[in-house]
Amino acid sequence: MLPGNVAGRTAILLALGLGGLALRAFAGVEERADALLAQMTLAEKIGQMVQVDSAALKDKADVKKYFLGSVLSGGGSDPADNSPATWKKLADEFQTQALQTRLKIPLLYGIDAVHGNNNVEGAVIFPHHIGLGATHNAQLVERAERVTADEVAGIGIRWAFAPCIAVSQDSRWGRSYESYGSSPELVGELGAAAVRGFQGAALGRNSVLACAKHFAGDGGTVNGKDQGDTVCDEATFRKMFVAPYEPSIQAGVGSIMVSYNSWNGVKLHGHKHLLTEVLKGELGFKGFLISDWAAIDQLGADYRTDIELSINAGLDMIMIPAEIGTPHNYAEFIADLTDLVNLGKVPPARIDDAVRRILTVKLAMGVFENPRTDPALTAKIGSPEHRAVARECVRESLVLLKNEQQVLPLKKNLKRIQVVGRAADDLGIQCGGWTISWQGATGNVTPGGTTILEAIRQTVGPECVVKYSADGSGLETADAVIVVVGEMPYAEMKGDRTDLQLAAADQALIKQARQNGAPVTTLLLSGRPLILGEALAASDAFVAAWLPGTEGRGVADVLFGDYKPTGKLSRPWPNEAASASTETKPGAKSAFPFGFGLSYDEGGRNGSGQTKTALAK
Ligand code: GLC
């Protein structure tokens with residue numbers, strides 16, 4: 001008998017469908033998982049449910065001693081010599097320990113490859129998700145994540161904590177740039193494309209395990225407060241924040257990371273209804289749930305209660321960052337969970353369900369047969385063909401907001417171009433947070449990239465003189481002025497803001513550049529739309545470039561007309577009056593609406609010409 005309400009009916013019908021789809025993702029390995037499970041001791045089972053940060057593993061032999069199922073390197077846990085070879089050596093050493101256990105169950109090593117493999121020096125850094133969202137191009141997103149998967153496997157790692165399928169509703173949130181946008185439909189479609197890029201059509205030996213995150217409601221918190229509270233009724237929560245996971249489940253995503261935030265005051269890491277009844281039950285998710293960093297510490301009165309609540313809610317694997325994020329450690333976790341099972345507070349069936357899910361994913365990925373990645377992939381990290389894909393993403397991410405008198409495209413044979421602003425020649429600003437370090441940094445953060453200034457110089461004709469002033473001093477007369485302004489790098493809660501005004505210094509720099517008398521093109525490098533104040537009026541042309549990453553040539557390709565701008569806003573642009581919290585409320589007035597983006601009247605090629613998402617037609 002179907003439930004009376006539409007939501008319930010739809011969910012059940014969907015689950016029957018999704019369940020079938022998701023089930024196919026792991027067909028043929030579930031029996032092997034059950035056979036292995038039957039041989040395992042409680043210690044071996046609980047070990048599989050533990051993921052330890054590499055910086056907290058003082059003795060790699062603990063992987064073997066505690067039968068650890070996974071290792072991660074969080075944002076700040078890079079090896080000292082941040083080279084691909086050193087990463088690969090580290091990954092191989094951890095795997096060697098895992099393969100020396102009684103049952104030789106290989107471990108999965110996870111990393112935040114959230115815009116390329118942004119952890120290792122020399123890797124290609126792609127535009128952050130807010131820029132990929134502006135492409136509205138699912139096929140391009142899939143190609144981008146396939147390149148990322150190769151650059152992750154190139155350092156011996158086969159699990160990426162991506163895609164983030166947050167549906168950001170308030171640009172004051174410090175993780176707005178990790179979201180494809182404010183539309184659950186667009187986020188769902190691009191998230192599933194990313195899963196296919198990482199994993200392929202189904203989990204297999206060439207897959208890098210994707211991790212849809214953070215389930216759920218991370219982008220809907222009050223005032224955009226990171227790890228805050230999302231307040232709304234269940235129908236709204238499902239439509240805005242649960243629905244975008246369905247396409248990823250249909251695409252066979254093998255892991256989902258649970259979110260720090262709460263919904264109506266209840267922490268997601270302890271939410272049995274959403275994690276078990278909805279995600280695993282109704283939506284038929286057959287992979288495993290991983291916790292986020294130290295999130296379980298926020299659940300109960302003490303650590304043992306945290307563990308009991310999170311595992312019984314449906315968490316299958318627990319991330320334990322040790323000293324960096326929590327005072328607890330993996331030996332303590334294992335002892336506590338063992339006691340909880342022996343005391344009957346965590347049912348053995350819950351442990352078996354969690355371990356079966358983890359083993360099923362590992363078996364489907366073929367890590368038992370191929371526990372190490374192809375060494376040939378290491379040499380492809382940062383390759384020209386990989387950079388070409390990122391450059392294409394940059395081109396298609398740019399959104400042209402203003403172009404008075406067709407100032408753009410600029411001619412390559414202009415006599416003199418004046419470039420202004422420190423952001424024009426700073427790879428770190430261009431890449432933003434989650435680049436080499438957790439928070440990112442200004443300066444030349446990684447080898448192999450091209451700044452916007454360098455790209456301009458590589459694009460113009462031999463007779464064109466390009467002058468540069470980081471601070472606007474010494475401006476010389478020119479045929480065109482290009483000003484590059486924007487946000488300094490940040491990540492997560494460190495990027496939360498109370499207001500969205502473009503910095504006064506940036507607004508002043510644009511007005512100063514205008515005194516030069518030549519047409520002014522302003523490029524904004526930011527993780528979100530900003531309230532532009534006088535900047536828009538002071539610019540003849542204005543381009544939202546988001547956080548484009550290492551391939552600055554993609555910006556010059558569009559500025560000088562080799563390609564037309566095709567980017568469309570993936571979220572409304574707040575106006576002077578509206579605060580961020582009203583930017584996506586029904587009826588809210590925005591400076592530019594969702595889907596806005598100008599192009600050139602003539603000349604230049606369109607983007608990759610691939611099919612766009614349904615929303616961008
Ligand atoms: C962080 C983030 C999450 C990331 C994880 C591991 O706190 O919330 O997105 O994957 O920790 O670095």
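1. A salt bridge is taken here as a side-chain nitrogen of Lys or Arg within 4 Å of a carboxyl oxygen of Asp or Glu. The model under discussion is predicted. By the stated rule it contains 35 salt bridges. One of them joins the side chains of Asp 352 and Lys 45, with an N to O distance of 2.9 Å. Since Asp 352 belongs to helix H14 (residues 348–365) and Lys 45 to helix H3 (residues 42–48), the pair ties together parts that are 307 residues apart in sequence.

2. Regarding the overall division, the protein is assigned two domains: domain 1 comprises 4–222 + 233–268 + 286–378, and domain 2 comprises 384–616. Taken over C-alpha atoms, the centres of domain 1 and domain 2 are 33 Å apart. The contact draws 53 residues from domain 1 and 57 residues from domain 2.

3. How much area do domain 1 and domain 2 bury between them? The figure is about 4400 Å², of which 56% is on carbon and sulfur atoms. On the side of domain 1, the residues that lose the most area to domain 2 are His 136, Ser 171 and Arg 172, and together they account for 17% of what that side buries. For context, the accessible area lost when parts come together is often used to give the size of an interface.

4. Two salt bridges are found across the interface of domain 1 and domain 2. Glu 392 forms a salt bridge with Arg 143, whose closest N and O atoms are 2.9 Å apart. Across the interface of domain 1 and domain 2 there are also 29 residue pairs in polar contact, with both residues at pLDDT 80 or more.

5. Which helices supply at least two residues each to the side of domain 1 that touches domain 2? They include helix H6 (129–135), helix H7 (138–153) and helix H8 (184–199). H7 gives the most to this side, with eight residues. By class, the side of domain 1 that touches domain 2 has 19 nonpolar, 22 polar and twelve charged residues.

6. The ligand is surrounded by Gly 74, Asp 112, Phe 161, Arg 175, Lys 213, His 214, Met 257, Asp 292, Trp 293, Met 319 and Glu 492.

7. Most residues other than glycine have a negative phi, and most peptide bonds are trans. The peptide bond from Ala 162 to Pro 163 is cis, with omega near 10°, and Pro 163 is placed in the loop between strand E4 (159–160) and H8. A cis peptide bond also runs from Leu 408 to Pro 409, with omega near 0°; Pro 409 lies in the loop between strand E12 (399–403) and strand E13 (416–420).

8. Lys 104, a residue other than glycine, has a positive phi, near 50°. Lys 104 is located in the loop between helix H5 (84–98) and strand E3 (108–111).

Note on methods: Residues are numbered from 1 along each chain as its sequence is written. This is a predicted model: local features need pLDDT of at least 70, side-chain atom pairs count only at pLDDT 80 or more; totals for chains, interfaces and linings use all residues. Side-chain values use heavy atoms; hydrogens and water are left out. Domain bounds come from an automatic or database domain assignment. Contact means heavy atoms within 4.5 Å. Buried area is the accessible area (1.4 Å probe) that two parts lose on being put together, summed over both. A polar contact is a pair of N or O atoms within 3.5 Å; within protein, one must be able to donate a hydrogen and the other to accept it, and residues adjacent in sequence count only if both atoms are side-chain atoms. Helices (H or I, at least four residues) and strands (E, at least two) are DSSP runs, numbered from the N terminus. Ala, Val, Leu, Ile, Met, Phe, Trp, Tyr, Cys and Pro count as nonpolar, Asp, Glu, Lys and Arg as charged, and the others, Gly among them, as polar. A residue is near a molecule or strand if one of its heavy atoms lies within 4 Å of it.
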